[in-house]
Amino acid sequence: MKIAHIALWTNDIDAQAQFWADWFHGEAGELYVSKNRPGFMSRFVTLQEGATLELMSLPSLPGGPADKEHTGWAHIALNVGDKEAVEALATRAKEAGILLSGPRMTGDGFYEAVLKDPDGNLVEIVAG
């Protein structure tokens, strides 16, 4: 079994698409505007090796996890290859002001750093 895509509610599809392009070489597809659900828009972003994100938005998107549809997930972890790649991305993220925690070895065996996307969602970059 393989995950087809992961969906992320966002308040700004363009900012999210640019984030995934800039940081993870994502390629954004065309914007889809629903004819059946007023205000619903989405855009798929394909990452390296075929992982796909669906960025979704509504004009009045609530902001918290208690809401049925809201921004965010707990975090997503992306394997970027090796420790050097984690460190390079962490350095860029620190310079950009989006690094939350620098590279470290976690208790469960990952070498990781954590950064945030434009909506503040956590993105772990790990070596593996």
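Modeller: In β8, the bridge partner of M105 is Y111. L99 stands opposite L115, also in β8. These pairs belong to β7 and β8 (residues 111–116), which run antiparallel over 4 bridges. Two strands count as paired if DSSP finds at least two bridges between them. Strands are DSSP runs of E with at least two residues, helices are runs of H or I with at least four, and both are numbered from the N terminus.

A word on the basis. This is a predicted model, in which local features need pLDDT of at least 70 and side-chain atom pairs count only at pLDDT 80 or more, while totals for chains, interfaces and linings use all residues. Residues are numbered from 1 along each chain as its sequence is written, and side-chain values use heavy atoms, with hydrogens and water left out.

Back to the strands. β7 and β8 make a hairpin, with 5 residues between them. G109 sits in that turn and has a positive phi of about 95 degrees.

Next, the packing. The largest nonpolar core has 24 residues, and F19, W20, F24 and V123 have the most contacts inside it. Such a core is a set of buried Ala, Val, Leu, Ile, Met, Phe, Trp, Tyr and Cys residues joined through side-chain atoms within 4.5 Å. Buried means under 20% relative accessible area, with a 1.4 Å probe and protein chains only. Elements giving two or more residues to this core are α1 (13–24), β5 (52–57), β6, α2 (83–96), β8 and β9 (122–127). α1 supplies the largest share, 6 residues.

Beyond its neighbours within four places in sequence, F19 is in contact with F24, I98, L115, K116, D117, P118 and V123. Contact means heavy atoms within 4.5 Å. Another core lies apart, with 5 residues, among them W9, F40, M56 and L61.

Finally, the setting. The chain has 2 helices and 9 strands, in the pattern β-α-β-β-β-β-β-α-β-β-β along the sequence. Of its 128 residues, 39% are buried.

Conventions: Buried means under 20% relative accessible area, exposed over 50%, partly exposed in between (1.4 Å probe, protein chains only).
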